[in-house]
Amino acid sequence: MYTIRRKRIYEAAEADDGYRILVDRLWPRGIKKENAHLDRWAKEITPSKEIRQLYHRGEMDFDSFGLAYLEELERNPAAQKFAADCRSQLETSNITFVYGAKNQQENHVIVLLKWLNDVLKQTNTSIDKT
């Protein structure tokens, strides 16, 4: 079984990363597109500008941000397609969600992985998050 991993874009790409997806709405600073080694940029499933800015300004704690982002994912038709694409990709390779956030314990990728795991469990597919 292949897995979904997460990695900061500033870390070197590795062969076992598999299919690399940038899951940030904004392009990471200081990274040239040709050096990012990405297979996809999934802007359509990232948090909205509104909740992202509230969280980054400290006007929303991480738990509230996570709940707001989960609600956005549930209402976003592109998120369901993204989940289906991930399910298909996991049949042949690992997936690495690439992001730019400095905080590796509290960021939108953690929320995205939780949501995706819940969606994939409904279809008897699970992910091994690292």
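Reply: Let us begin with helix α2, where Phe62, Phe65, Gly66, Ala68, Tyr69, Glu72 and Leu73 are buried. The model is a predicted one.

Me: Against which elements do the buried residues of α2 pack?

Reply: Their packing partners are α1 (49-56), α3 (77-89) and α4 (108-121).

Me: How do you know that the length of α2 agrees with its number of residues?

Reply: The helix has 14 residues (62-75), which should span 20 Å at 1.5 Å a residue. The C-alpha atoms at its ends are 20 Å apart, so the two values agree.

Me: Which residues of α3 are buried, and what covers them?

Reply: Ala79, Phe82, Ala83 and Cys86 are the buried residues in α3. They cover an arc of only 100 degrees around the axis, so they are on the same side of the helix. Pro77 and Lys81, on the other side of α3, are exposed. The cover over the buried residues includes β2 (19-22), β3 (40-41), α2, β4 (95-99) and α4.

Me: What makes α4 a mostly covered helix?

Reply: Of the 14 residues in α4, 10 are buried. They are His108, Val109, Val111, Leu112, Leu113, Trp115, Leu116, Asn117, Val119 and Leu120. The buried residues of α4 pack against β1 (4-8), α2, α3 and β4. From its first C-alpha to its last, α4 reaches 20 Å, close to the 20 Å expected at 1.5 Å a residue.

Me: Why is asparagine 117 called buried?

Reply: Its relative accessibility is 10%, and buried means under 20%. Asparagine 117 therefore counts as buried. The residue belongs to helix α4, and its C-alpha atom is separated by 24 Å from that of methionine 60, 57 residues apart along the chain.

Me: Why is tryptophan 41 called partly exposed?

Reply: A residue is buried under 20% and exposed over 50%, with partly exposed in between. Tryptophan 41 has a relative accessible area of 27%, so the term partly exposed applies. It is placed in strand β3.

Me: Which residues does tryptophan 41 touch, not counting residues up to four places away in sequence?

Reply: On that count, tryptophan 41 touches Leu22, Asp24, Arg25, Leu26, Trp27 and Lys33. Leucine 22 and tryptophan 41 are 19 residues apart along the chain, yet their C-alpha atoms are separated by 4.7 Å.

Me: Is glutamate 91 buried or exposed, and why?

Reply: The cut-off for exposed is over 50%. Glutamate 91 has a relative accessible area of 62%, and so is exposed. This glutamate sits in the loop between α3 and β4.

Me: What is noted about the phi of histidine 37?

Reply: Histidine 37 has a positive phi of about 55 degrees, although it is not a glycine. Its place is the loop between β2 and β3.

Me: What lines the largest pocket, and how do its residues divide by class?

Reply: The lining of the largest pocket is made up of 22 residues, among which Asp24, His56, Gly100, Ala101 and Lys102 lie nearest its centre. By class, nine of the lining residues are nonpolar, six polar and seven charged. The largest share of the lining, three residues, comes from α1. About 580 Å³ of space lies in this pocket.

Methods
Residues are numbered from 1 along each chain as its sequence is written. This is a predicted model: local features need pLDDT of at least 70, side-chain atom pairs count only at pLDDT 80 or more; totals for chains, interfaces and linings use all residues. Side-chain values use heavy atoms; hydrogens and water are left out. Helices (H or I, at least four residues) and strands (E, at least two) are DSSP runs, numbered from the N terminus. The expected span of a helix is 1.5 Å times one less than its number of residues. Buried means under 20% relative accessible area, exposed over 50%, partly exposed in between (1.4 Å probe, protein chains only). Contact means heavy atoms within 4.5 Å. On a 1 Å grid over the protein atoms alone, a cavity is a set of points where a 1.4 Å probe fits but cannot get out, and a pocket is an open set with protein on both sides within 12 Å along at least five of seven lines; lining residues have an atom within 4 Å of a point. Grid points are joined across faces, edges and corners, and a volume is the space filled by probe spheres set on the points. Ala, Val, Leu, Ile, Met, Phe, Trp, Tyr, Cys and Pro count as nonpolar, Asp, Glu, Lys and Arg as charged, and the others, Gly among them, as polar. The arc is that of the directions from the helix axis to the C-beta atoms.
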